[in-house]
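Welcome! Open your viewer, get your selection tool ready, and follow along stop by stop.

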Amino acid sequence: MREELLKIQEQGSVELNNAQSLEELNQLRIKYLGKKGLLTQVLRGMGSLEASERPIVGQLANEIRDSLEQCLAAKNKYLQEKALLLRLEEEVIDVTLPGRPIKFGNKHPLTLILEEIKGIFTGMGFTVADGPEVELDYYNFEALNIPKDHPARDMQDSFYITDEILLRTHTSPVQARVMQAMTPELPVKIIAPGKVFRRDDDATHSPMFHQVEGLLVDNKITFADLKGTLLSFVRQMFGSDRQIRLRPSYFPFTEPSAEVDVSCFNCGGQGCRVCKDTGWIEILGSGMVHPNVLQMSGYNPEQVTGFAFGMGVERIAMLKYGIDDLRLLFENDVRFLSQF
Ligand code: PHE
């Protein structure tokens, strides 16, 4: 039995050492050390030994098991490392292959337009102000010379939260808030971009849209200042040969009031699809701040004057980028958004 065991040790270590692959090594492990392996088979015959011999043979068997296991572990480590080296050699990384492009996000077209508008006005010395989207009836209407029963309220049907609180229908309430906070300081020279809400919904109207309000109050501000400021804005925004045209209009909070048109940047004024053959495109409402508005917000209309204007950001984006459906700006389809 002793001889059989020694033979297993000798043959086993030779075979393990010669194993060429991890699979082969595993087969050998089963063959020698497995539950039904050679070593176990021999040990089954222990019963036929003299009682005095058993511990000696048992010890020898344990030594042989240990030594074969060490052999196995060493060979296993060696074969693992060899397999890794082989893989590293085969897996060549071709550094000359073109990389996969990383998709970058980009700014929303409205953000781009808004940044451009802000850039132009801050360049003319305006600062950027803001006000709440959920607004008091007082600021949205009353302080802008639109009392409760005024018919002009119908033009700006809104979303009411209570009788006195609503989603603002325009950015003009920021005029009243800023003047109230600044009086008697001069000049008041701000733009106020932000969201506004109206009960409208079609290809050119959305229940939520953006406006940029402008307000300049100081000594001796005239209609000429309004016109010059807007002409400068329009030329920076739409091109240096643009002209503007002011048409008489009506807003309760400005007097006189004017709608401002810009000469069509698509056809230069000849008439085309963009300007509906008129040569002009309407871009904003404006006027001289109504004395009542100045008064209510703490400025003396005998001493100071001012102008104000309000423009729709979506409208300007649509004109500038040639977008014909306003809803595209809010659907967030990446195929659309990634074009800007
Ligand atoms: N608030 C007006 C509107 O939403 C625009 C406007 C602003 C007109 C300031 C005159 C002065 O239609």
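**Before you start.** This is a predicted model, in which local features need pLDDT of at least 70 and side-chain atom pairs count only at pLDDT 80 or more, while totals for chains, interfaces and linings use all residues. Residues are numbered from 1 along each chain as its sequence is written, and side-chain values use heavy atoms, with hydrogens and water left out.

**What to look for.** Side chains of opposite charge can pair when their charged atoms come close. A salt bridge here is a side-chain nitrogen of Lys or Arg within 4 Å of a carboxyl oxygen of Asp or Glu. Searching the whole structure turns up 15 salt bridges.

**Stop 1.** Select lysine 31 and glutamate 15, a salt bridge whose closest N and O atoms are 3.1 Å apart. The pair links distant parts of the chain, with lysine 31 in helix 2 (residues 22-33) and glutamate 15 in helix 1 (residues 2-18), 16 residues apart. Helices (H or I, at least four residues) and strands (E, at least two) are DSSP runs, numbered from the N terminus. Lysine 31 is partly exposed because its relative accessibility is 35%, and glutamate 15 is too, at 22%. The terms work like this: buried is under 20% relative accessible area, exposed is over 50%, and partly exposed lies in between (1.4 Å probe, protein chains only).

**Stop 2.** Now pick glutamate 282 and arginine 247, whose salt bridge has its closest N and O atoms 3.5 Å apart. This pair also links distant parts of the chain: glutamate 282 sits in strand 8 (residues 280-289) and arginine 247 in strand 6 (residues 244-251), 35 residues apart. Glutamate 282 is partly exposed at 36%, as is arginine 247 at 28%.

**Stop 3.** Next, select arginine 335 and aspartate 333; the closest N and O atoms of this salt bridge are 2.7 Å apart. Is arginine 335 buried or exposed? Arginine 335 is exposed, with a relative accessible area of 66%, whereas aspartate 333 is partly exposed at 28%.

**Last stop.** Finish with aspartate 154, found in the loop between helix 6 (137-140) and strand 3 (165-167). Aspartate 154 counts as exposed because its relative accessibility is 66%.
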